Each structure stands twice: as structure tokens, then as C-alpha cells.
Amino acid sequence: MKHLYVHVPFCRRRCVYCDFSIAVRRQIPSERYMTAVVRELEQRLARGEWEIESLDTIYLGGGTPSLLSPDTLGRLLAEVGRRVSVSPNAEVTLEANPDDVSAAAVEAWVAAGINRVSLGVQSFDDAVLRWMHRTHDAAAIDRAVRTFRTAGGFAISLDLIFGLPDDLPDTFAKDLERALELAPEHVSVYGLTVEPRTPFGRWVAREESAPAPEARFEREFLLAHTMLTGAGFEHYEVSSYARPGQRSLHNSCYWSRRSYAGLGPAAHSFLPPTRRWNMAHWAAYECTIEGGGDPREGSEYIDRTRDRLERLYLGLRTVEGVPLEDVDREMHAEVLEAGDLQGWLAMDAGRLRLTPAGWLRLDQLAGVLTTLANGG
């Protein structure tokens, strides 16, 4: 195992679209969090649950990891490094909000070994950011990127959201232009989805808002593809664009189904053929760790059929696609011949790949593949 994910659940507020496992706090319990996560790591290693080789990637996700005090975050990474080997060239990523970025924080992050940042931009329009319930404004984005560039040594990824409701300003083309002006190494582009337990989901249920029409969603997805690839980015996964040599190594481990370990509330681990996850709530997680208990909440065994379908689905998320030998001839023949799917798939060099238009319909295609695999 060469990949470690650390889930930091804390946020100042919940964004209107977010259904992640977070803990909204005014005061961030950085020290208590570090203590609990280090104890979990010690427990997993003492029980022989994880055989961690030299880590190639560490990813601090959330939540808002940049809310941890910079000193505590540095000591957390140091404690991990004392217990497991970390490659000298490891990719160490921090998810950060623009308003958490200061010269002092960046200096501490550099000293901690962080060399990649995923900046939660979402939009460059202040009205849209207020609607999203974000804590930053557009000016904070420019300041954050300048601060990282001044420090040097960071690969910067910018996150953007498209497919907003029609009653919001149509700013996505400008968002892409502004992002390109900042010359990031990586851009992630996510379509807004309706999740039932979110504020946005409740607004939609009460008919106070509505998701973007399908035509707008498709137009903006393909606009991102055109603009970013035209600027020299590689569209290497459904939502991910990278300059040459700047792909996210950590996220790529998920799509290629390599094993990984997860620490913290709601964190998942994958040790084929088993996937495990921790209890989601911070208070319950901390209490369990303090009592010497196992914070694991559940697990699932991935049988051969499920394994095959996951490999197909995750492989088709990427520009490499999947080898044709991994897809039954009957399966891909039926898919390619289905009228609705024309233009979604391509076969070349012995691989089955999705076109950008096909990526828009990945979930629908996965349903077709699942039905065929189950003999439907």
C-alpha cells in the first residue's frame, strides 16, 4: 500500500451543495484531531491491518484541512512520517479554501512537506459564491494564488463548479478564462448535483430552485473540455485536467483501483478485495479512539462481478479507457449498436474509451453495462 488519505471534517459553514461528512465548528479542535488520527494509525499498524510501503502520496481532504492550525498540520505529517516510510518525492496534497491562505500558513505548509494544493475556488463571481455559501470572495482567490507562487514549490489545482441553476448569473465561461489567467498546473471541473440532504436539495424539493437544464449542463461540460484542452491541458479523467506531467497521482490511484489507507472520520480504505470505512461523525470517532475502540463502521467484500464492474466504470472515467479483453464481446457489441449510445464510445489500439460526450453519460452507460453483465 502506497497511498494515504486523511479526512479532516471541519468547516466554518456548510456549502449549499455539500453532502460530505463534515463538522461545522467556530473553533477548530486541531490538537484533539491530530491526537485521534495518530492513535488510529497506531492502532491499525499494531493490529497488522495495514502493510504500508513507502508512501507515494498523502492527501489531506475534507472538509477543510486548511482550517487546521499550520503548526498542528505540520506535526501531524511528521507523526505519520515517524510511523510509516514516506517517499522523498511523495506527492503531498492539501485541500484549501482561498481565505485560509496566508504567507505564514504557506511557509508552514512548505516546511511540512506539502507540495500540491487543491484550491476550492468554485466560481470567480461574488454573487455565485454568496449563493453557494462560500466563505471567500473572488479577490481572495487571486491573493491565494499569488501567495503560493511567491513561496514556490507548489503545484496548484483549481476547483470549479458548472451547471448552476438558471436563476444564477451565467458566469462559467468567464470562470474558465479567469482560471486560465492564473496559470494553474491542474483544474478540476465538477457539475452541480442535487443531493437530498443539502440546502440546495431542499430548495429543489420545495420548487424554490431547479437544477440546470440538461442542455446547459452538457454545453458547459463540453465548453470546459474545449477551452482547457485548447490551452494545453490534458482531459485525463471525467472531471480532471492537467498540464503535462501534472496529473494527480493520488486521485489516479482510486481510478486504477490500487490499494489505499484512510484515516479520520468517514475515511475509506481499500485493501482488495475489501473496502472499509470509518464512522462519520467527529464526536463519535474521537470518543471511540479515546476509549481504545475501533472507529471502523463497516466494510464490504468486492466479489468478482462487482470487481469487474468497478474496473469497467472507473477505467471508463479515464482517457486511457479499458482493454477490450476486459469487456465481453457481446457486451460491447450491444452497447455500440444501441442507438442512444452512438458517439459515446470509441475503440482504438485495443481499448474501449469514452468520448467527452460519452463521459457526460457515464452513469447511464454504467447502468447498461451492469444490466448486460448480470445477463439482463
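Rings of Phe, Tyr and Trp (for Trp, the six-membered ring) pair if their centres lie within 6.5 Å; planes under 30 degrees apart count as stacked, over 60 as edge-to-face and the rest as tilted. Phe10, Tyr33, Trp282 and Tyr285 form one aromatic cluster.

This is a predicted model, in which local features need pLDDT of at least 70 and side-chain atom pairs count only at pLDDT 80 or more, while totals for chains, interfaces and linings use all residues. Residues are numbered from 1 along each chain as its sequence is written, and side-chain values use heavy atoms, with hydrogens and water left out.

**Aromatic pairs**

A search of the whole structure finds 15 aromatic pairs. Two of them are set out here, each described by the distance of the centres and the angle of the planes.

| Pair | Type | Centre to centre | Between planes |
|---|---|---|---|
| Trp131 and Phe200 | edge-to-face | 5.5 Å | 75 degrees |
| Tyr236 and Trp255 | edge-to-face | 5.9 Å | 65 degrees |

Helices (H or I, at least four residues) and strands (E, at least two) are DSSP runs, numbered from the N terminus. Trp131 lies in helix 4 (residues 126-132) and Phe200 in helix 7, 69 residues apart. Tyr236 belongs to strand 9 (residues 234-237) and Trp255 to helix 9 (residues 249-255), 19 residues apart.

Buried means under 20% relative accessible area, exposed over 50%, partly exposed in between (1.4 Å probe, protein chains only). Trp131 has 18% relative accessibility, so Trp131 counts as buried. Phe200 is buried at 1%. Tyr236 and Trp255 are buried as well.

**Thr198**

Thr198 is found in the loop between strand 8 (186-191) and helix 7 (199-205). Its relative accessibility is 0%, so Thr198 counts as buried. A polar atom of the Thr198 side chain lies 2.9 Å from the backbone nitrogen of Gly201. Beyond its neighbours within four places in sequence, Thr198 is in contact (heavy atoms within 4.5 Å) with Val16, Tyr17, Cys18 and Asp19.

Three strands form an open sheet in the order 12-13-14, with antiparallel pairing. Two strands pair if DSSP finds at least two bridges between them. Strand 12 (268-271) and strand 14 (296-301) stand at the edges with a single partner strand each, so one side of each has no neighbour in the sheet. Four bridges join strand 12 to strand 13 (residues 274-278). His268 has Trp277 in strand 13 as its bridge partner.

The charged end of Arg275 sits over the ring of Phe270, 5.0 Å from its centre. This term requires NZ of Lys or CZ of Arg within 6 Å of the ring centre and within 35 degrees of the ring normal.

Conventions:
Polar contact = N/O pair within 3.5 Å; in protein donor to acceptor, adjacent residues only side chain to side chain.
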